[in-house]
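Thanks for coming. I have one structure to go through today, and I will keep it short. Please look at the model while I talk.

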Amino acid sequence: MAEEKAMFPARETMTVEFMSGRAPGYHPRIVDNVVGFANTEGGDLYLGIERDGTVTGANEDQLDLRRLNIHIAENTIPPVPVKSEVVGDAVPVVKVSVKKCGCIIAVSDSRMLRRLPCEDGMFGNFPIFPIEIMDQLIYQTKAYDCRCMYAGEDITEDAVYCAIVRFLVGYDGAVRKEDFSSILRISGE
């Protein structure tokens, strides 16, 4: 068992997360962690290692890598491709590697998460707030015509809408202004 433990990271970090494999099925936090990694710096999720570093092994569902990858893709928007592999000889652990994405990723229930350190020295997944999403969308679209936002000036909803549409062109067909009504309220209403 000492050799087995030496194969894995000693503790969780910004780019390493451990999850238990004791319960059957897929824990919802699997997808949360994938989204958190994708929206931050990427990382590796180890299924079958407890938070304290004890190697207990992945469950039968988690060991079916094809189904696990499909589960992750079906529950992320846009779908996140991951690399999953079984590591460890005596006790099988699933390592799910996630790359940093160039766009904002959400869980299928629309939550957008990122990985941050907690006060207790551990790490967790926290929401990305609407104004941060808007900043990221403007940055991603290279909407330089909206730079006045950073100078403290108000910008019109139409300018932001146009920036978002340029970003989303070709993704899932038509985009309606109403779809963005909640994040377009950036003037402190």
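The protein chain contains 6 helices and 8 strands. Before going further, note that this is a predicted model. Along the sequence, the elements come in the order α-β-α-β-α-α-β-β-β-β-β-β-α-α.

Some totals next. The chain has 189 residues, and 42% of them count as buried. Among contacts with a separation of 6 or more, 62% are between residues 24 or more positions apart.

Now to strand β5, residues 93-98. How many of the residues of β5 are buried? The count is 6 of 6, so the strand is mostly covered by the definition of buried as under 20% relative accessible area. V93, K95 and S97 point one way, while V94, V96 and V98 point the other way, and the residues on both sides are buried.

What does β5 pair with? Strand β2, residues 43-47, runs antiparallel to β5 and is joined to it by 5 bridges. Within that pairing, D44 has S97 of β5 as its bridge partner. Strand β4, residues 83-87, is also antiparallel to β5, again with 5 bridges. There, V96 in β5 has S84 standing opposite. β4 and β5 make a hairpin with 5 residues between them, and G88 in the turn has a positive phi of about 95°.

Next, helix α2. It is mostly covered, with 9 of its 10 residues buried. The buried ones are I30, V31, D32, N33, V34, V35, G36, F37 and A38.

Let me stop at one of these, N33, which sits in α2, residues 29-38. Is N33 buried or exposed? N33 counts as buried because its relative accessibility is 2%. Which residues does N33 touch, leaving aside its neighbours within four places in sequence? The contacts are E17, M19, L45, R115 and N125.

E17 brings us to the salt bridges. The whole structure has 9 of them. One is between E17 and R29, with the closest N and O atoms 3.4 Å apart. E17 is in strand β1, residues 16-19, and R29 is in helix α2, so to speak a link between distant parts of the chain, 12 residues apart.

A second salt bridge is formed by E50 and R22, and its closest N and O atoms are 3.5 Å apart. E50 lies in the loop between β2 and α3, and R22 in the loop between β1 and α2, so this pair ties together parts that are 28 residues apart in sequence. E50 is buried, with a relative accessible area of 15%, while R22 is exposed, at 61%.

The last one I will show is K100 with E41, at 3.7 Å from N to O. K100 is in the loop between β5 and β6, and E41 is in the loop between α2 and β2, so the pair ties together parts 59 residues apart in sequence. Both K100 and E41 are exposed.

That is what I have on this one.

Key:
Residues numbered from 1 in each chain as written. Predicted model: local features only at pLDDT ≥ 70, side-chain atom pairs only at ≥ 80, totals over all residues. Heavy atoms only, no water. Helix = DSSP H or I, 4+ residues; strand = E, 2+ residues; numbered from the N terminus. Buried < 20%, exposed > 50% of the residue type's maximum accessible area, 1.4 Å probe, protein only. Contact = heavy atoms within 4.5 Å. Pairing = 2+ DSSP bridges. Salt bridge = Lys/Arg side-chain N within 4 Å of Asp/Glu carboxyl O.
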